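Biologist: Please take a close look at the aromatic rings. What sits over them, and how do they pair?

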Amino acid sequence: MSAPLYREAAAPAADRVRDLLSRMTLAEKVGQVNQRMYGWQAYERTPDGHRLTDAFRTEVAAFDGMGALYGLQRADPWSGVTFADGISAADAARVADSVQRHVMENTRLGIPVLLVEEVPHGHQALEGTVLPVNLAVGATWDPDLYEAAAAGAAAELRARGGHVALVSALDLVRDPRWGRAEECFGEDPYLAARFTGALVRGMQGSGPSYAPDRAAVVLKHFAGQGATLGGRNSAATELGPRELHEIHLVAARAGIRAGAAGVMAAYNEYDGLPCAANRELLTGLLRGRWGFTGLVMADGCALDRLVHLAGDPVAAGALALDAGTDLSLWDGCFPRLAEAVERGLVSEQALDAAVARVLTLKFRLGLFERPYVGEGRAHSPALAEVSERLARESVVLLSHDGVTLPLLPMLPSGNPSRVAVIGPNADSLPQQLGDYTAPQRPGTGLTVLDGITAVAPPGVEVTYARGCELVGDDSGGIADAVTVAAAADTAVLVLGGSSAREADTRFDSNGAAVVGPGAPVGMTCGEGVDLAELRLPDGQLTLLDAVAATGTPVVVVLVQGRPHAVSELSGRARAVLSAWYPGPWGGRAVADVLFGHAEPVGRLPVSVPRSAAQLPVFYNAKDHGYRGYVDQPADALYAFGHGLSYTTVEYGEPRLSRTRVPVSDPALTCTVGVTNTGARAVRETVQLYVRRVAGSTSWPRVRELRGFARVDLAPGEHAEVAFVVEADTLASLDRALEYAVEPGELLLETGPSSDRTNGALLAVTPT
């Protein structure tokens with residue numbers, strides 16, 4: 001007897017899917033769109049290794065198969081998984097293979113299961129290589145480097161048996177009070193789109209099938225989650241269609257054009273409907289207008305939130321399926337889709353369409369032919385090196401007196417010389433890793449204190465005092481900090497925030513941290529940790545005042561997952577750097593920049609506010625001519641794109657190859673000269689902005705980033721940086737919400753940041 005068509009590797013995937021669907025029962029179909037089990041509940045550790053649990057076996061038997069299993073290797077305080085009971089890198093492939101083997105050998109059709117893992121900044125698993133958080137990645141303005149990191153993370157995931165990576169990429173920091181700001185590439189749609197495209201290319205590669213070292217990507221979150229009111233997690237939005245398209249869908253379009261396997265529907269609502277139940281968004285726009293054929297996954301427990309809208313779990317599942325959601329996550333609604341079909345709430349054809357998309361991904365991954373991994377491996381040394389490079393390139397020099405940094409030539413030549421390292425973020429590895437991070441083995445990585453100690457030249461003594469706690473106003477350690485600072489030549493004050501989860505952190509049903517009265521927590525950022533006030537905590541500001549009062553020059557390093565309002569640093573700190581959450585090796589990266597072994601090349605992917613009271617401050621607001629508040633300026637403390645270096649760079653005026661272009665042929669070149677006028681080498685990020693002066697179907701924005709280029713300049717060196725300007729560069733949304741080049745006048749602006757540009761006028765004519 002010949003094998004069924006779906007088992008024939010040479011047959012087209014579409015034919016294999018149709019054949020397999022024709023053989024499936026209703027229950028088996030429902031099983032393929034379900035992902036309701038937490039992966040860490042599928043195994044337990046024994047003296048001899050790991051065994052599959054009865055709960056897992058029961059789940060597989062319930063639907064005679066399993067569509068996907070989430071988080072088999074996830075480890076963190078929410079899952080409760082640690083090195084004592086979790087899956088190490090050496091055991092990962094073996095455990096993944098045992099899961100796959102049970103599903104394939106104990107079900108009628110032997111359909112493999114998708115193993116889905118969180119990969120927000122590296123695989124969230126024991127001994128997974130941790131990368132800097134996305135906000136740090138955005139600060140590098142280096143999509144090529146991030147593409148290499150994404151490829152390394154995908155290879156590591158596949159070597160451990162995972163297939164699908166869930167990666168935040170689509171949200172924007174439109175309100176820095178939002179706790180998930182660290183998961184965003186920044187506030188700007190163009191910058192986020194460049195990194196989203198790099199992410200998909202790096203993780204997935206190209207072509208209809210995936211290489212064994214490439215993973216399918218599900219992009220989070222679709223759509224508009226960064227625009228929730230008040231910076232509150234999962235709250236409502238008040239987006240209109242134009243704002244949604246101009247700002248919040250740009251990265252999604254880039255990811256889909258790059259071939260993303262899937263998107264995750266966001267928690268927030270759009271136009272009165274939660275995204276997972278929004279047919280206009282998921283079917284009308286995503287599948288209809290954009291032609292997306294991939295997978296739509298619900299966020300964790302999101303479908304359960306639809307019950308009060310639909311009336312009961314069966315109707316809620318039907319509502320989401322009919323809207324365009326294909327795969328659930330932990331909810332109790334999709335498991336009851338058979339009832340929904342039998343009650344006539346949704347058609348079996350709609351279920352078949354969702355199942356087909358799940359099966360197509362399994363065929364594209366080659367799971368029917370190569371279901372098992374074999375021997376796994378620990379983290380990649382090469383990926384660790386890329387992680388450190390990302391950390392180093394993400395450091396942004398916000399302010400500088402031109403003298404204090406770099407430290408190496410500024411320290412006294414006589415011995416002994418001292419650098420005091422002070423602050424609650426100076427010697428805490430967990431606090432520089434970010435949210436969605438697995439426990440780290442002792443000895444992994446370098447804190448800022450470790451990095452400075454390692455980099456400091458012979459004869460330089462490094463001293464340390466914590467000074468204060470991360471949160472609160474306790475001043476018990478300030479006296480020690482003052483003593484240490486007063487005896488030093490320079491004080492490096494490491495302040496900021498933390499997304500580090502602790503064993504006693506309380507969690508919501510979807511894993512978000514629960515904070516507020518009755519739930520004390522040391523986190524100041526992360527999922528569920530939103531802030532009303534963006535100033536640094538009182539204890540940190542008291543420490544800053546006390547250390548600055550010693551007269552010792554102060555350098556502040558901000559380890560943070562959002563842009564804090566740091567006006568208080570002015571006049572107290574000689575230099576201020578933002579290191580974001582730089583990952584395990586970020587301490588060495590920060591030290592290299594402080595001592596001048598590396599230049600500060602990071603640029604702000606967000607605007608830094610003066611206070612929470614002036615929000616929003618994103619640079620690309622509508623140009624209504626608003627002049628500011630009475631009691632404080634309306635502009636940002638540090639503008640989007642800002643970042644200083646240890647040298648000076650001069651910009652010439654931009655020059656256009658054509659000053660008049662027709663809408664039918666708008667191609668031209670914009671060239672600007674840049675010169676390193678200082679004594680140190682520099683990597684300059686030259687930025688191109690477009691500003692509409694006249695003629696548009698909607699009110700124009702102040703300016704919009706439409707290009708950037710990074711150029712290395714030796715001292716005294718001059719370079720001509722040319723931007724190829726095409727239709728995509730000049731296009732804006734027309735009344736039909738389609739991108740088109742419109743007649744009118746545009747200003748093409750170049751410069752080192754959004755607030756320091758020179759412009760050249762371009763006329764776009766109808767013919």
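Modeller: The charged end of R305 sits over the ring of Y267, 4.1 Å from its centre. Sitting over a ring means NZ of Lys or CZ of Arg within 6 Å of the ring centre and within 35 degrees of the ring normal. R501 does likewise with Y436, its charged end 5.7 Å from the ring centre.

This is a predicted model: local features need pLDDT of at least 70, side-chain atom pairs pLDDT 80 or more, while totals for chains, interfaces and linings use all residues. Numbering runs from 1 along each chain as its sequence is written, and side-chain values use heavy atoms, without hydrogens or water.

Now the ring pairs. The structure holds 18 aromatic pairs (Phe, Tyr or Trp ring centres within 6.5 Å, with the six-membered ring for Trp; planes under 30 degrees apart are stacked, over 60 edge-to-face, the rest tilted). Y6 and F368 form an edge-to-face pair, 6.2 Å centre to centre with 80° between the planes. Y6 lies before helix 1 and F368 between helix 14 and helix 15, so the pair ties together parts 362 residues apart in sequence (helices are DSSP runs of H or I, at least four residues; strands are runs of E, at least two; both are numbered from the N terminus). Y6 is buried at 5% relative accessibility (buried: under 20%; exposed: over 50%; partly exposed in between; 1.4 Å probe, protein chains only). F368 is buried too, at 8%.

Y619 and F640 are stacked: 4.5 Å between centres, 10° between planes. Both lie in the loop between helix 20 and strand 17, 21 residues apart. Y619 is buried at 10%, F640 at 0%. Y619 and F640 also belong to one aromatic cluster with W141, Y190, Y689 and F708.
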